[in-house]
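Hello,

I am handing over a structure that you have not worked with before. Please open it alongside this message.

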Amino acid sequence: MASGNTLVYFASPPSKPPGLIRRFREAHGLDLLVVETPEEVHALLNRSFPACLVLEATGNPDRVLELCAAVKRDPFTSIVPTVVLVTDDSQDPEDLPSAGLQAGADEVVSDRVSDKEKSLRLELVLRRAARDVNVHPTTRLPGTAQIERDFAERMAAGGQFAVCYADLDNFKEFNDRYGYNCGDSVIYLTSRILRDVVRSLSVGGFVGHIGGDDFIFNVPLEFLEICCDEIVQLFDELIPYQYTPEDRKAGYFLGKDRRGTVHRIPLMTLSIGVVTNFSQQFSHTAQVSELAAEMKTYAKTLPGSVYVVDRRGLTGVRASHPPRREQRADGGRSRTASDL
């Protein structure tokens, strides 16, 4: 698996990385991982976040550019810094640089510049990635700027969509008891649940990390219920194992509030507030985020892991998305789809 210190290299047909890449890797202390198929590239990027992806467009530029465009089109992999390498042996070496940029590459490195400039261009890609504060360091999910951009793009496209604001309940108390390291593990686990479910069940879905234990995921309306049901179920199945066996068996631990009063702190649950554009039009992205935050706050007043859909004034949604409650067999915890 690639790490944040790995340079991933792909060429079609497969070939050894050129001297430029090997020297750059050595100069920056990077691990070098050669991948031979586009499918391997996608699988690798879906489970890790390498320092850089280098795509050599010498033998089969069309295949390489198609791969580059696919990586940059996917919101989950688009944050990986991607370089297209163009040599004099490439087909149409004069046109390839512009084609690479059009495919979404962060940089195109061509033989038509000096070796020093090539190295500098590669280094600048790493520098830009390191300065990118819009990716959360723990989860590697897009931050608020990209969340707002996704709102705007969905509003402009005109399709029906759902914005889901997810927040952990009792996370602060867990963090206070178990420490920030375990707290980060819970944040990462939650991000993987959201990312994997939305990615597998929702075509065109998006997951972002606002910060702390707050997440946003946006999906086309038809995927709302299946995603929320699966997310809540997985969360309730996995989160108890973040506690000690004693706390997990009891279903709570004893903690103090700011006044020193001892309370029973239940195991963490997940509250999701949902707004849709089924029967209302949003005029700006701030309106979307405000309503989603309001729904999330309401969801947190309900017991258990829940998702709550804002149906105020939406007369046509109730019939097609009826509220329901499923009682779980693990101590009474439940997952709910509800109305406001």
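The model is predicted: local features need pLDDT of at least 70, side-chain atom pairs count only at pLDDT 80 or more, and totals for chains, interfaces and linings use all residues. Residues are numbered from 1 along each chain as its sequence is written, and side-chain values use heavy atoms, leaving out hydrogens and water.

Helices (H or I, at least four residues) and strands (E, at least two) are DSSP runs, numbered from the N terminus. An open sheet holds 5 strands in the order 2-1-3-4-5, with parallel pairing (two strands pair if DSSP finds at least two bridges between them). Strand 2 (31-35) and strand 5 (107-110) are at the edges with a single partner strand each, so one side of each has no neighbour in the sheet. On average, neighbouring strands are turned by 25° against each other, direction ignored. Strand 1 (residues 6-11) is joined to strand 2 by 5 bridges, and Leu 7 stands opposite Leu 32 in strand 2.

Helix 2 (residues 38-47) lies across strands 1, 2 and 3, at about 135° to strand 2. Angles run from 0 to 180 degrees between N-to-C directions, with axes fitted to C-alpha atoms, for helices over the stretch in contact (heavy atoms within 4.5 Å). Helix 3 (residues 61-73) lies across strands 1, 3 and 4, at about 155° to strand 3.

Helix 6 (residues 144-157) packs against helix 11 (residues 285-299) at about 110°, with axes 9 Å apart. Glu 148, Phe 151, Ala 152 and Met 155 in helix 6 meet Thr 285, Val 288 and Ser 289 in helix 11.

Regards
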